[in-house]
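Colleague: Hi, could you show me the model and walk me through it? I'm new to this one.
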Amino acid sequence: MNLLDRYISAVGSKIWGKNRKDIESELRSILLDALDEKTESREATEEDVAELLRDFGHPSEVAGRYNLDKKYIIGPELYDLYMLIIKIVCIAVPIGLTIGILVDIMQSQQLIDNLFWEIFLIVPKCFSALVSAVGLITIIFGLIEKTAVIKQEDLSLTNKDWDPRKLPEAVREHDEVKRYSKIIGILWIVLVLIILNFFSDKIGVYYGSGTGRGWSFVPIFSQGVLSKFVPLWSISLVMKLVLNMVLIKEGRWKKKTRIYNILILIADVIIFAMLISTPDFININTVFLKNPSLEQELLPAINIFEKFFKLGLIFIFIPMFVEIGKEIAALIKHWRAD
Amino acid sequence: MIYSIIVIKEVITMSGQEKVLEGLILELRRGTLVISVLSQLKKPHYGYSLSNKLKEEGLNIDQNTLYPLLRRLESQNLLDSNWVLEESRQRRYYVLSIFGKEILEKLTKEWNDMDSVMSRLLMEEEG
């Protein structure tokens, strides 16, 4: 009977829910009946039991049949994309983190002195970062699954009251939403939110100091100024996040979502214009004032920065205006079609 | 050589066809499982006796399918169940509930309608 107990216990351990004990009892009764029939009136041997259990099926398979409510965090609609992103993250996070740690090591003499230890620490740091990243992505996908993915039961044909005349217009090509790109967008927004709120001091120019002391770093933005803008940016990003969720759910652009998007884009332009018009939002001058001797050392970084900064601004503003223009054009198209 | 390649190709094609057929038969049978089980539970049965009864009638249901199915039907209030101590062994007996009887009646009517439609369709095919 030991084998039977072990089998029932193995099945039971894979069944989650309040019926577990009841299922175990029923399974025992069924198996004993089957064993009786198999052995007729003779005593069952261990081989009889083993054969019976083999025929009955692997515990995982049996338990799987009893787990009737297939509830999952990530359903079949999102599973492939989820796995793809997890694979990318599993490759990108260790590479990114290793580069970051190596840059840190090059910047600090103290870290160079403990080089072996710092390199050894890359493994646990990667593991910890991977766990956080995978967890965060899973939470995001779970939320999308919970809130935005249309479930099969929603499409149930049992509701006889529906009226075909009330169906929305067929989706026009330019109103169609590519759901996968919106999911990628959500992940991107979350990443930017994390960087802005927790690591904004790490945004900067890294450069070789040329003095044999490895790498130096100048944060781009003045933390004092940035801290005033981070809440505004975060609100804008959260609004985009909500927009992406709505678009995933609806599968199409509507007038409301277009207007909402235009408002967010205009808000982005205003926030960005406010930011760049704020004196000293770029950190370099503040650094020089505090430590004039650094000026010579930081010269290469300033040159790089000044050369590309204005160009960078154009590259940021132009797409913003193009995007607003495209959205307005699409909205007008929408109105004309109605 | 060419002959053996053709033979191998035919064997592969056959096994592919068999797989398709097997899948379709499975699908067809799956649709009839609930009504088959409900039809035999006008009288109480425990899992193993029901499995044997169905086998006697020519319907061989995999045990791993039958027992969870009984639980699902019970959770849908189509069956009632209770534990009975019998020959020093606890057995869970299932029987149609009042709701289950109503459903079986409707399913039977549906089945009969389908049966006559299918017979007509298949007769046309043969003709």
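Colleague: Which strands of chain B form a hairpin, and how many residues sit between them?

Modeller: Strand 2 and strand 3 of chain B make the hairpin, with 2 residues between them. In the turn, B:E87 has a positive phi of about 45 degrees. Strands here are DSSP runs of E with at least two residues, and helices are runs of H or I with at least four, both numbered from the N terminus.

Colleague: Before I go on, what sort of model is this, and how are things numbered?

Modeller: This is a predicted model, in which local features need pLDDT of at least 70 and side-chain atom pairs count only at pLDDT 80 or more, while totals for chains, interfaces and linings use all residues. Residues are numbered from 1 along each chain as its sequence is written, and chains are lettered from A and ligands numbered from 1 in the order in which they are written.

Colleague: Switching topic, how many residues of chain B are in contact with chain A?

Modeller: On chain B, 13 residues are in contact with 14 residues of chain A; contact means that C-beta atoms, placed from the backbone, lie within 7 Å. Helix 2 (47-56), helix 3 (63-75) and strand 3 (89-96) of chain B each supply at least two residues of that side. The largest share, 7 residues, comes from helix 3 of chain B.

Colleague: What about chain A: how many helices and strands does its secondary structure have?

Modeller: Chain A has 12 helices and 2 strands. Of its 338 residues, 12% count as buried, meaning 20 or more other C-beta atoms within 10 Å of a residue's own, with those atoms placed from the backbone; exposed means 12 or fewer, and partly exposed is in between.

Colleague: I clicked on A:L191. Why does it count as exposed?

Modeller: A:L191 counts as exposed because it has 12 C-beta neighbours inside 10 Å. A:L191 is in helix 8 (residues 179-198) of chain A.

How values were computed: Two residues are in contact if their C-beta atoms, placed from the backbone, lie within 7 Å. Two strands pair if DSSP finds at least two bridges between them.
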